[in-house]
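Hi there,

Here is the structure I promised to pass on to you.

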Amino acid sequence: MQSLLKARRSFCSLNHLRRSSTFILEDAKSETAIERSSTFIHPTAVVHPSAVIGEDGYIGPFCTVGAFAKLGNGCQLHPGSHIFGCTELGDRCVLMTGAIVGEDLPGRTVIGCNNKIGHHAVVGIRCQDMKYKPGDECFLDIGDNNDIREHSSIHRSSKSSDVTAIGDNNLIMGSCHIAHDCKIGNNNIFANNTLLAGHVVVEDYVHTAGATAVHQFCHVGSFSFVAAGSMVSQDVPKYMMVAGERPELRGLNLEGLRRNGFTGEEINGLRSAYRKVFMPTDTKFKGLEERLEEVNEKLAHIPSVHSMIQSIRASFQQNRRGICKFRLWNGI
């Protein structure tokens, strides 16, 4: 009976600790008390006294929060999730079980507000680039409202003069990889097992299907679609759809354009431009630049057409990889 009463008293004491508005953590080395905010911190969590913890959050069992970490208000760390190095989380971020954010390296990882990092995802760790030199600062910046699903990996930059950057409102599905120095825009959807090599640029509203891989230094233009299983080794221009093991242009991403509010005039203008550039019917063969110039003269008043022409031309500039292959349907 006495042992039962002792157990009840211990349980009540633990509940009182959980419900209190502040928490006092004892530093084992200095034996000094550290006052914490109204965030719940489980007794088995290891939270460094120097870490900055926001209000109204939750740090679950067996979590780790390092000395240089900074958590915004309302952050939730589910059991067994960890934050290391100089890492900053914005308000209302969620780390699911097993997620790891940051590493004890020079540099930093900065993550905005309302981001969810899935089970066993690894974000903000050292890159897999042989050019990386230990001791160099490396950086990762992530915007707001991103959903990074289970087992995905996102690496910091390979050098101090660059940064891996991800914008807002992206859905990064399970087992995706975003390598060092990539630049990802806003409102993109990467289906499972999308793999982006180093220095890849993905603009806005891009959709990649499952098991897609993109070669280093490639650019994927806004509103484009990459079909499942594609091994992209050259640029994908804006508004276009590519498919195949070594992808070829397969027309415009018409469904994506409609879903994103492009008008009938814009879509018709893009279709006309695409036909003139990639499906010419005249018997006199012209080079790609000549066809681009002809389209630009006739349809440049439509902003989306002008943007598409600029996207194609930019792919042939110095240090760029050109565009995915296309077939000329010229009736010859």
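This is a predicted model: local features need pLDDT of at least 70, side-chain atom pairs count only at pLDDT 80 or more; totals for chains, interfaces and linings use all residues.

Let's start with helix H5, which covers residues 303–314. Which residues of H5 are buried? They are Ser304, Val305, Ser307, Met308, Ile309, Ser311, Ile312 and Ala314. Their cover includes strands S32 (240–243) and S33 (248–252), along with helices H3 (264–278) and H4 (288–299).

Next, look at how H3 packs against H5. Their axes come within 9 Å and cross at roughly 35 degrees, and the crossing is right-handed. On the H3 side you will find Glu266, Gly269, Leu270, Ala273, Tyr274 and Phe278, which meet Ser304, Val305, Met308 and Ile312 of H5. Sorted by class, this contact has seven nonpolar, two polar and one charged residues.

Now for H3 and H4. Here the axes come within 9 Å and cross at roughly 155 degrees. The two helices are therefore roughly antiparallel to each other, and H3 passes H4 in a right-handed crossing. H3 contributes Gly269, Ser272, Ala273, Lys276 and Val277 to the contact, while H4 contributes Leu288, Arg291, Leu292, Val295, Lys298 and Leu299. By class, that makes six nonpolar, two polar and three charged residues.

Enjoy exploring!

Best wishes

Technical notes. Residues are numbered from 1 along each chain as its sequence is written. Side-chain values use heavy atoms; hydrogens and water are left out. Helices (H or I, at least four residues) and strands (E, at least two) are DSSP runs, numbered from the N terminus. The expected span of a helix is 1.5 Å times one less than its number of residues. Buried means under 20% relative accessible area, exposed over 50%, partly exposed in between (1.4 Å probe, protein chains only). Contact means heavy atoms within 4.5 Å. Axes are lines fitted to C-alpha atoms, for helices over the stretch in contact, and angles run from 0 to 180 degrees between N-to-C directions. Angles under 35 degrees count as roughly parallel, over 145 as roughly antiparallel, 65 to 115 as roughly perpendicular and the rest as oblique. A crossing is left-handed if the near helix is turned anticlockwise from the far one by less than a right angle, and right-handed if clockwise. Ala, Val, Leu, Ile, Met, Phe, Trp, Tyr, Cys and Pro count as nonpolar, Asp, Glu, Lys and Arg as charged, and the others, Gly among them, as polar.
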